[in-house]
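Subject: Handing over a structure, with notes

Dear colleague,

I am passing on to you the structure we spoke about, and below it you will find my notes on what turned up. Please read them with the model open beside you.

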Amino acid sequence: MGRGRYSPNATPVLLAACSMYILPAILATAGCPNPPSEQILNGITAGLFRERLMPPGATFDVGCKLGKWACFYAKLDSSRAVIAMDPDLRNTQRVRKAYGRSYPNIIAVTAFLGRRETLLSAAEIRKNSATASDGSDAVRMRNIDALFRNRTLGFAHIDVESNELDALMGGISTFRRDKPIISVEVHVHFNRTLTQAILNLLAEEDYLTQLVQEDCGARRDGRNIIAFPKTRVAMLAQSPTLLMAAASGVLFSVDSQSIFQYAPPCCEFGGACCLGVKPMPLAQAMKTHCCRRSAVERYAASNPKAASQSMHMRQIPPWSTAARMSWPGRARGL
């Protein structure tokens with residue numbers, strides 16, 4: 001799992017902000033194993049919790065796997081319920097066993113997240129999911145609107161391996177009612193149509209979409225999008241964490257067109273980082289050389305100018321000026 005690359009000019013800003021805002025929040029989770037990757041996203045999330053700027057309501061960790069992020073969130077705010085969902089019964093059992101006693105605010109749920117409430121057969125699971133289940137004959141599919149019919153949603157962390165659009169579609173009523181902050185993982189070039197659909201849906205629901213410039217997942221075009229409700233932007237503009245992230249160039253606005261500038265373009269099927277690889281489901285693509293570290297590093301070495309922009313090595317968004325580097329300044333410009 002790769003980390004984003006920082007500009008040397010951003011280092012003093014990052015160090016000062018980390019010492020004041022992010023490290024205390026992360027160290028406060030000493031009872032949990034630190035999530036092993038996505039450190040920038042984790043720092044932003046922790047900062048917003050510590051600054052008490054995360055909207056009220058439960059935290060929803062979808063695709064929780066072994067529960068490291070669920071535990072991280074549970075410790076950040078023990079007053080909030082943390083709904084930890086995974087389709088693999090073995091994973092949710094491990095979450096309960098590992099963290100249930102120390103963090104009773106964690107509620108483990110065994111299910112897929114999708115657009116509708118239904119029961120998936122084993123055949124449907126194999127066809128539609130990149131995430132393995134526990135091998136049972138059927139697994140329940142839940143949607144956000146049903147899960148949160150009688151509960152407020154404050155923050156959702158969604159990583160469902162290319163099923164993100166359906167997961168979001170199943171929560172429209174909840175998003176309109178609660179205005180939660182949402183983080184969603186996209187593989188930018190794996191399915192460009194899907195990437196655009198996710199960004200367009202969030203824009204239609206009046207969300208400001210910001211890209212976290214660090215790799216997530218085995219493919220080097222994996223990126224987290226943090227979606228902020230525009231109705232909360234004035235409040236969030238007070239956040240030192242977001243100011244620091246924007247000033248250092250690791251958090252900036254994208255839409256369904258500009259996002260393709262900020263992940264290696266060679267990661268399209270048939271591109272320079274995916275030679276000979278035809279379109280296939282994400283689970284299969286993950287097992288190929290397509291968009292893996294070695295392929296992308298070769299591309300970057302032979303195309304330094306293109307790589308500098310698409311992988312954001314300089315950490316300076318092409319739209320930025322000194323007057324618009326701040327997070328609230330950029331937010332107001334939308």
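Which residue in β10 does T209 stand opposite? The residue is A227, which T209 faces in β10, and the two strands concerned, β9 (residues 207–212) and β10 (residues 222–229), pair in the antiparallel sense over 6 bridges. Before going further, please keep in mind that this is a predicted model.

On confidence, the chain averages a pLDDT of 81, and 77% of the residues score at least 70. There are two stretches to treat with caution: over residues 1–13 pLDDT stays under 50, and the model has 23 contacts beyond four places in sequence for them, while over residues 312–328 pLDDT also stays under 50, with 50 such contacts beyond four places in sequence. Where pLDDT is low, the predicted coordinates should not be read in detail.

The pair of strands with which I began belongs to an open sheet of 8 strands, whose order is β3-β2-β1-β7-β8-β10-β9-β11 and whose pairing is mixed. At the edges stand β3 (106–110) and β11 (251–253), and each has a single partner strand, so that one side of each is left without a neighbour in the sheet. From one strand to the next, the twist averages 25°.

Helices pack against this sheet. Helix α2 touches β1 (58–62), β7 (153–158), β8 (181–187), β9, β10 and β11, and its direction makes about 20° with that of β10. Helix α9 (residues 192–204), for its part, lies across β8, β9 and β10, and runs at about 165° to β8.

Helix α2 also has helix partners, and I looked at two of these contacts in turn. Two packed helices are described by the angle between their axes and the distance between the axes. For α2 (residues 39–50) and α3 (residues 68–76), the angle is about 25° and the axes are 10 Å apart; the two helices are therefore roughly parallel to each other, and their crossing is right-handed. On the α2 side the contact is made by N42, T45, A46 and F49, and on the α3 side by W69, F72, Y73 and L76. Sorted by class, the residues of this contact of α2 with α3 comprise 6 nonpolar, 2 polar and no charged.

The other contact is with helix α11 (residues 240–247), whose axis and that of α2 come within 8 Å and cross at roughly 155°, which makes α2 roughly antiparallel to α11. Here G43, I44, G47 and L48 in α2 meet T241, L242 and A245 in α11. The contact of α2 with α11 has 4 nonpolar, 3 polar and no charged residues.

There is also an open sheet of 3 strands, in the order β4-β6-β5 and again with mixed pairing. Its edge strands are β4 (112–113) and β5 (118–121), each of which pairs on one side only. Strand β5 pairs with β6 (residues 138–142) in the antiparallel sense over 4 bridges; within β6, A138 is the bridge partner of S121, and V139 is the residue that L120 stands opposite. Strands β4 and β6, by contrast, run parallel and are joined by 2 bridges, with F112 standing opposite M141 in β6.

Terms used. Residues numbered from 1 in each chain as written. Predicted model: local features only at pLDDT ≥ 70, side-chain atom pairs only at ≥ 80, totals over all residues. Heavy atoms only, no water. Axes fitted to C-alpha atoms, helices over the stretch in contact; angles between N-to-C directions. Parallel < 35°, antiparallel > 145°, perpendicular 65-115°, else oblique. Left-handed = near helix turned anticlockwise from the far one by under 90°. Contact = heavy atoms within 4.5 Å. Nonpolar A, V, L, I, M, F, W, Y, C, P; charged D, E, K, R; others polar. pLDDT = per-residue confidence, 0-100. Pairing = 2+ DSSP bridges.
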